[in-house]
Amino acid sequence: MEVLIPNETQVSKYSTNEINTKQKVCNFLQYGRKRKLQSLIDPQKRSYKVSSLKRTRTPIKKDTPWIKTKAFHGKNIMPNYDSAPDICDSDEDDSEEEDDDYYEYIPSSSRRSNTMKLDHKSGKEPLKCHQCKRNDRIKFIPCSKCKEKLYCVHCIKQWYPQLSEEDIEEICPFCRGNCNCNLCLNSNIKMPKIEFDDDVKLQYLHYLINSLLPFIKQIREEQMEEIAIEAFAQGVPQSSIQIQQTNCSNDERIFCDHCSTSIVNLHRSCSNCSYELCLTCCHEIRNNNLLDEKVTFGYLHRGSDYIHGGYPLLDTCHEYISTKESSSITKWVAEDNGNIFCAPKENGGCGDSLLELKRILEENWIENLEKRAEYILNNFKVDQPNVGLLENGGDSDMYFRVGNREGSNGNYLYCPSSKDVKRSEEIVRFRDHFAKGEPVTVREVLEETSGLSWDPMVMWRALGEHVDESVRLKMSKVKTIDCLAGCEVEISTKKFFKGYTEGRQYLNSWPEMLKLKDWPPSDKFEDLLPRHCDEFISALPFRDYTDPKTGFLNLAVKLPPDVLKPDLGPKTYIAYGMAQELGRGDSVTKLHCDMSDAVNILTHATKVSISDEQQLAIQKLKRRHKIQDEREKNGSLVECDLYDCYPHPQEDTEDKGGALWDIFRREDVKILEEYLLKHSKEFRHTYCCPVNKVYHPIHDQAFYLTLEHKRKLKEEYGIEPWSFEQRVGEAVFIPAGCPHQVRNLKSCTKVAVDFVSPENIQECIRLTHEFRKLPRGHKAKEDKLEQIKKMIVHAMQQALTDFEELMHTHQTN
């Protein structure tokens, strides 16, 4: 167990120059032309620039001010900070460790030449390991099946920890189809094709057209309203309006310069400064209710002792409250005839030129889509299966109780196995539950794959096979999130993965919980780990919906190949965890709501043991936290003895799940928001400071409901989430619009991908409107730029074309 050593460096405050510099950058990103290339707008693009510091901590994006400091929480509970050594000098000598780290994690085939030497006596090539290609190992294990491949004992322990030497001798990894050598990792596995006959295809296409038509009508009506206003302003008939097409290539996305919403077709544009405005903002300007608020959230670092239940530093006693900046946007009003001039200069525009109505798509394209869809639906009847028509009502072992809500029939969730979902009728059952906003879990999905190892160590070594020497050196460190303080932590890759299996702790024995989000970057996942990417896709259940490449019912894949697409994954989440609920610093994904549907598979989990001494220290610190809550009068969570409220590590069993999920119903969102606003001061966020400002209870991602909070929520409002444990090999489906949170019970590796189902389009659109109303600078708004309307338009176009071609083929034959 690695122990963090305190740091003598004091926390430096944000300088005026840094504030001004950051403000200029924010203004640059917020205003101006929002046509951004993929490399500029994709938030997942990462740089592997090596830091000059051995280990640094900086806060996450705009949730808290940036801090220039080494390991801010290194100053632990030790009273004598001046005598504490710097954390850079802790644990071991980093200069020596980096060489060892590099040697251990980079495959030997990358370090040594693969040139084989001949045995001069026999003239034959000596034995060599299929994995590392080396011939100087002491012991090799031959495969009795193929009688060709050999694996050295060193590689077996390093790359195949789940297999014994006897297993290798019986059937080697190559014969098993899960070999991790450089050659095999670069080869493509045969992905099972999603095939169905023409009748099923017609059924799917008809279902898509029927599902999308209401939203196509909605988009057309919005555009016709704007065209009518334009005709009135020009004093001409609506039919004579000619809308100029804007210059826009497919490698660009056009966003509204005010609300940052993606623009699908009609919009208003300034010919002078290229300021662009969406139709929704135009409507709000004409009704004098345009929202323009900028909120800066901030939490002061009150010292490491405060984080662990102590008193704040003297110069941080006054909370840094969020501020609202008044704006001159109220001066931005429309003329009586509906014309709108460009935004004032202080809001990013020129303020002089009239905003002209422009279009992106071909003229009358959306109107033609609507006419074609109505013709098909009126002239071609295709029967759609439904749950009521299924002969089998669903086996009882496919439904599990995950709630105790009185008077509700939603306490059971649909939880089939990977073998069950192969039956054609199960996709109908899945569709029925998913359309109701109910989560679905599918068991044993990894059993349908080749068995490629998802051990993070193996993934890291495999990653080393796909990058050159310079990138490999830069990737010897990773940026993680410290769950206790909510800040980024730069740490050596070796230390992180070592802590994944053995655990890490602060000097006071409190567990250090780190999570590595989106590693490797999702836009590089397929390139850097191609076999793991293919393995994940092959494990996906209901691939008609979830396949990120060919899912027939996945609207996200309907965008044309030459159009920039949103980053939907796959994404990897690796984080520490423990069964005991700590109350602070748990390895969690705080309560939030995704704009699209998602499926999350737990691919690997390992339990970290806690000594009796550390357990005693944890309980002492919990009591210290409790006293701090009482001292700050943070609410009523002081009546319960925390030692009794949380499960003890000794009660954990080996068959316990890897992650605890809490998913709330869509119909409970308003009640949930009311509870969070009422009890917000009882929660702690960045630097363990009480939540001092709530702009949106869910989208702020500042809350995690503990066992005690869930109990109070049910007592006061009568609602509770679906709560269940996810085990290795289980896939969890989360419908769009369902707030959810996750806590790791073990160190876990999860892989997730987003998709857009026809059943939840309405929720995606609703969430898009919610996110556009968030203030400028809000963290969630920065990361949530969906193209749902563009997906709808292109999905309808493709569905109509495919349906017409299929019907033409049938009529011809």
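1. An open sheet of four strands has the order 5-10-6-7, and its pairing is mixed. Strands (E, at least two residues) and helices (H or I, at least four) are DSSP runs numbered from the N terminus, and two strands pair if DSSP finds at least two bridges between them. Strand 5 (244–245) and strand 7 are at the edges with a single partner strand each, so one side of each has no neighbour in the sheet. Strand 6 and strand 10 run antiparallel and are joined by four bridges. Cys270 stands opposite Leu355 of strand 10.

2. On provenance: this is a predicted model, in which local features need pLDDT of at least 70 and side-chain atom pairs count only at pLDDT 80 or more, while totals for chains, interfaces and linings use all residues. Residues are numbered from 1 along each chain as its sequence is written, and side-chain values use heavy atoms, with hydrogens and water left out.

3. Another open sheet of four strands has the order 19-24-21-22, with antiparallel pairing. Its edge strands are strand 19 and strand 22 (722–726), each pairing on one side only. Neighbouring strands in this sheet are turned by 15° against each other on average, direction ignored; the axes are lines fitted to C-alpha atoms.

4. Within that sheet, strand 19 (residues 588–592) and strand 24 (residues 740–744) run antiparallel and are joined by three bridges. Val588 has Arg743 as its bridge partner in strand 24. Strand 21 (residues 659–663) pairs with strand 22 in the antiparallel sense over five bridges, and Ile663 stands opposite Trp722 in strand 22. Four of the five residues of strand 19 are buried, so the strand is largely enclosed by the rest of the structure. Buried means under 20% relative accessible area, exposed over 50%, and partly exposed in between (1.4 Å probe, protein chains only).

5. How many aromatic pairs does a search of the whole structure find? The count is 18. Rings of Phe, Tyr and Trp (its six-membered ring) pair if their centres lie within 6.5 Å; planes under 30 degrees apart count as stacked, over 60 as edge-to-face and the rest as tilted. The ring centres of Tyr275 and Trp332 are 5.9 Å apart with the planes at 75°, so this pair is edge-to-face. The two residues are 57 apart in the chain: Tyr275 lies in the loop between strand 6 (267–270) and strand 7 (276–277), and Trp332 in the loop between strand 9 (323–325) and strand 10 (355–359). Both Tyr275 and Trp332 are buried.

6. Phe430 and Tyr545 make an edge-to-face pair, at 5.3 Å centre to centre and 65° between the planes. The pair links distant parts of the chain, 115 residues apart, with Phe430 in helix 13 (residues 426–435) and Tyr545 in helix 19 (residues 543–546). Phe430 is buried at a relative accessible area of 0%, and Tyr545 is buried at 0%. Ring pairs also link Phe430, Phe434, Phe542, Tyr545, Phe733 and Phe755 into a cluster.

7. Helix 13 is mostly covered, with eight of its ten residues buried. Among the buried residues are Glu426, Arg429, Arg431 and His433. Gly437, which follows helix 13, has a positive phi near 80°.

8. Lys149 lies over the face of Phe174, 4.3 Å from the ring centre. The charged end of Lys558 sits over the ring of Phe552, at 4.6 Å from its centre.

9. The largest nonpolar core has 145 residues, and those with the most contacts inside it include Ile209, Trp519, Phe733 and Met796. Such a core is a set of buried Ala, Val, Leu, Ile, Met, Phe, Trp, Tyr and Cys residues joined through side-chain atoms within 4.5 Å. Leaving aside neighbours within four places in sequence, Ile209 is in contact (heavy atoms within 4.5 Å) with residues including Ala373, Leu377, Met796 and Phe803. A second, separate core of 19 residues includes Cys278, Leu290, Ile340 and Ala343.

10. Asn692 is in the loop between helix 22 (669–678) and helix 23 (707–717), and counts as buried at 12% relative accessibility. Asn692 and Lys681 are eleven residues apart in sequence and 7.0 Å apart in space, C-alpha to C-alpha.

How values were computed
A charge sits over a ring if NZ of Lys or CZ of Arg is within 6 Å of the ring centre and within 35 degrees of the ring normal. Axes are lines fitted to C-alpha atoms, for helices over the stretch in contact, and angles run from 0 to 180 degrees between N-to-C directions.
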